[in-house]
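Here are my notes on the model you asked me to look over.

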Amino acid sequence: MLGSTALWEQYKRYHCTMLEQRIEQHFIDSADLKYQAAQALSKPIAAAVSAVLASVTSGGKVLACGNGGSAADAQHFAAEFVGRFERERPELGAIALTTDSSILTAIANDYSYEQIFAKQVRALGQSGDVLLAITTSGSSPNVLAAIEAAHERDMTVVALTGKGGGKMSQALRETDVHICVPHDRTARIQEVHLLAIHCICDGVDTQLLGDQEGKE
């Protein structure tokens with residue numbers, strides 16, 4: 001009969017193996033989705049590159065918004081644009097609408113949380129700018145309101161969604177770009193969103209600087 005120490009060690013080995021298998025499955029599922037989505041998403045991502053490039057080379061900018069993990073993606077995109085992606089190049093205009101706590105809390109308190117991005121778009125957006133609207137569900141009310149505000153400003157919208165696109169599918173115009181990840185799990189959608197953001201950054205750099213391998 002096994003003692004308590006031996007049982008505990010056996011328990012740990014079993015659950016460690018199960019945990020490792022679960023982690024490996026996350027990698028496999030993520031890789032499978034990216035492989036399956038590559039062909040379907042390459043065309044809208046290329047269209048997003050064209051829209052963003054047309055804006056920034058004409059003196060425009062990208063306003064990016066989203067909630068939670070999508071807020072982090074918006075900030076990630078702005079950092080890559082204002083700083084750099086993989087190669088040195090002139091700075092490109094991008095603003096994450098998720099970062100100013102005073103603006104966000106004032107609008108949420110005085111108006112509603114639904115307006116936290118829309119009012120910034122109306123204040124900062126101009127004709128020819130691009131709104132990068134990120135929502136895994138496609139139905140975040142404040143992101144949908146930002147799209148409406150962007151259309152009022154004659155801006156192009158590049159939308160990153162999943163789960164069939166949600167309400168975003170009805171909110172977008174023919175001149176907008178919809179990158180909809182064909183999956184229902186938020187974590188997997190966000191992983192592809194980040195890849196799409198990197199593809200947009202790389203595509204813009206390639207158009208501006210020529211085709212060469214990126215460097216750390």
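**Notes on the predicted model**

1. Among contacts in the protein between residues at least 6 apart in sequence, 70% join residues at least 24 apart. Please keep in mind that this is a predicted model.

2. Seven helices and five strands make up the protein. Read from the N terminus, their order is α-β-α-β-α-α-β-α-β-α-β-α. Taken along the principal axes, the C-alpha atoms fill a box of roughly 75 × 50 × 30 Å.

3. On burial and surface: the protein has 216 residues, and 41% of them count as buried.

4. The largest nonpolar core holds 35 residues, and Val 62, Phe 77, Phe 81, Ile 179 and Ile 200 have the most contacts inside it. At least two residues of this core come from each of α1 (4–56), β1 (62–65), α2 (69–82), β2 (94–96), β3 (130–134), β4, β5 (177–181) and α7 (186–209). The element that gives the most is α1, with ten residues.

5. Which residues does Phe 77 contact, leaving aside its neighbours within four places in sequence? They are Val 62, Ala 94, Leu 132, Ile 197, Ile 200 and Cys 201. Apart from the core described above lies another one of 23 residues, and Ile 147, Ala 150, Met 155 and Leu 172 are among them.

6. Thr 135 sits in the loop between β3 and α5. Is this residue buried or exposed? Thr 135 has a relative accessible area of 2% and is therefore buried, the cut-off being under 20%. Its side chain makes a polar contact of 3.3 Å with the side chain of Ser 137. A polar atom of the Thr 135 side chain also lies 3.1 Å from the backbone nitrogen of Gly 138. Beyond four places in sequence, Thr 135 is in contact with Ser 70, Ser 140, Val 143, Leu 160, Thr 161, Gly 162, Met 168 and His 193.

7. Thr 98 is in the loop between β2 and α3 (101–110). Its relative accessible area is 13%, so Thr 98 also counts as buried. The side chains of Thr 98 and Gln 75 are joined by a polar contact of 3.0 Å. Not counting residues up to four places away in sequence, Thr 98 touches Cys 65, Gly 66, Ala 71, Ala 74, Gln 75, Leu 104 and Phe 117.

8. Arg 153 lies in the loop between α5 (141–152) and β4 (156–162). With a relative accessible area of 30%, Arg 153 is partly exposed, because that class runs between the 20% and 50% cut-offs. With residues up to four places away in sequence set aside, Arg 153 touches Val 121, Arg 122, Gly 125, Gln 126 and Ser 127. From C-alpha to C-alpha, Arg 153 and Leu 92 are 20 Å apart in space, and 61 residues separate them in sequence.

Definitions and conventions. Residues are numbered from 1 along each chain as its sequence is written. This is a predicted model: local features need pLDDT of at least 70, side-chain atom pairs count only at pLDDT 80 or more; totals for chains, interfaces and linings use all residues. Side-chain values use heavy atoms; hydrogens and water are left out. Helices (H or I, at least four residues) and strands (E, at least two) are DSSP runs, numbered from the N terminus. Buried means under 20% relative accessible area, exposed over 50%, partly exposed in between (1.4 Å probe, protein chains only). Contact means heavy atoms within 4.5 Å. A nonpolar core is a set of buried Ala, Val, Leu, Ile, Met, Phe, Trp, Tyr and Cys residues joined through side-chain atoms within 4.5 Å. A polar contact is a pair of N or O atoms within 3.5 Å; within protein, one must be able to donate a hydrogen and the other to accept it, and residues adjacent in sequence count only if both atoms are side-chain atoms.
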